[in-house]
Structure formats: C-alpha cells, structure tokens
Amino acid sequence: MATEIAAAVQQLDATTTGMQQAANGTHHVESNLSTVASVADRTNQAAADAKGASSDVALRTAELRGVIREFLEQVAA
C-alpha cells in the first residue's frame, strides 16, 4: 500500500509540474501577444503620422506652385 501511495504522489507531482509548465507557456504566449499588439498600435500610429505628413507636403507643394506661377506671371509682364 505504501508503494501505491508513493506512486500516486509521484504521479501527482508530475501532473503538477506539467500544469506549471503549461501555465508558464500560456503566460509566455500572452506576453508575446501583448507585445505584438503594442507594436501594431505603434505601427498604426506611425502610419497615421506619415499620412498626415504626406498630406501636409502635398498642401505645401500646391501652395508653392501657386507662388511660383504668380512670380513667373509677374516676371513675364
């Protein structure tokens, strides 16, 4: 009977160890997913910033073309 109890305790210990390893693996996956989400958010923000800068450059380009056109018209007159 003592042998059976010792075997059951060993099985319980192995099961507990397996559960702890699974929990650690789950925590690792959760941490990685959190990192991926954070990077995705920062990438999204960078894309929005780039879009805003691109729009600003397009606006400034149009303004500059207008100024150059006016200048050339004045020079030609």
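In this predicted model, Asp56 is partly exposed, with a relative accessible area of 36%. The side chain of Asp56 meets that of Arg60 in a salt bridge, at 3.7 Å from N to O. Both residues belong to helix H1. They sit four residues apart, about one turn of the helix. Arg60 is also partly exposed, at 47% relative accessibility.

Arg60 has another partner. Its side chain forms a salt bridge with Glu63, at 3.3 Å from N to O. Arg60 and Glu63 are three residues apart in helix H1, again about one turn. Glu63 has a relative accessibility of 40% and counts as partly exposed. Side chains of opposite charge can pair when their charged atoms come close. A search of the whole structure finds two salt bridges.

The charges of the chain were also located. There are 5 positive and 9 negative charges.

A nonpolar patch was found on the surface. It is formed by Leu64, Val67, Ile68, Phe71, Leu72 and Val75. Together these residues have about 590 Å² of accessible area. Leu64 is found in helix H1, which covers residues 2-76.

Ser31 is found in helix H1 as well. At 38% relative accessibility, Ser31 counts as partly exposed; the limits for that class are 20% and 50%. Ser31 and Ala50 are 19 residues apart along the chain. Their C-alpha atoms are separated by 29 Å.

The overall fold was then described. The protein chain has one helix and zero strands. Its radius of gyration is 33 Å, whereas the globule rule gives 11 Å for 77 residues. The value is well over that of the rule, so the chain is more spread out than a compact globule. The C-alpha atoms fill a box of roughly 115 × 10 × 5 Å, taken along the principal axes.

Of the 77 residues, 1% are buried, where buried means under 20% relative accessible area. The accessible surface of the chain comes to about 6,800 Å². Carbon and sulfur atoms account for 62% of that surface.

How values were computed. Residues are numbered from 1 along each chain as its sequence is written. This is a predicted model: local features need pLDDT of at least 70, side-chain atom pairs count only at pLDDT 80 or more; totals for chains, interfaces and linings use all residues. Side-chain values use heavy atoms; hydrogens and water are left out. Patches are made of residues with over 30% relative accessible area and no salt bridge: like charges are joined within 9 Å, nonpolar side chains (Val, Leu, Ile, Met, Phe, Trp, Tyr) within 5 Å. Accessible areas come from the Shrake-Rupley method with a 1.4 Å probe; for residues, only the protein chains shown count as cover. A salt bridge is a side-chain nitrogen of Lys or Arg within 4 Å of a carboxyl oxygen of Asp or Glu. Helices (H or I, at least four residues) and strands (E, at least two) are DSSP runs, numbered from the N terminus. Buried means under 20% relative accessible area, exposed over 50%, partly exposed in between (1.4 Å probe, protein chains only). The radius of gyration is taken over C-alpha atoms; the globule rule is 2.2 Å times the number of residues to the power 0.38. Lys and Arg count as positive and Asp and Glu as negative; His and the chain ends are not counted. The place of a charge is taken as NZ of Lys, CZ of Arg, CG of Asp or CD of Glu.
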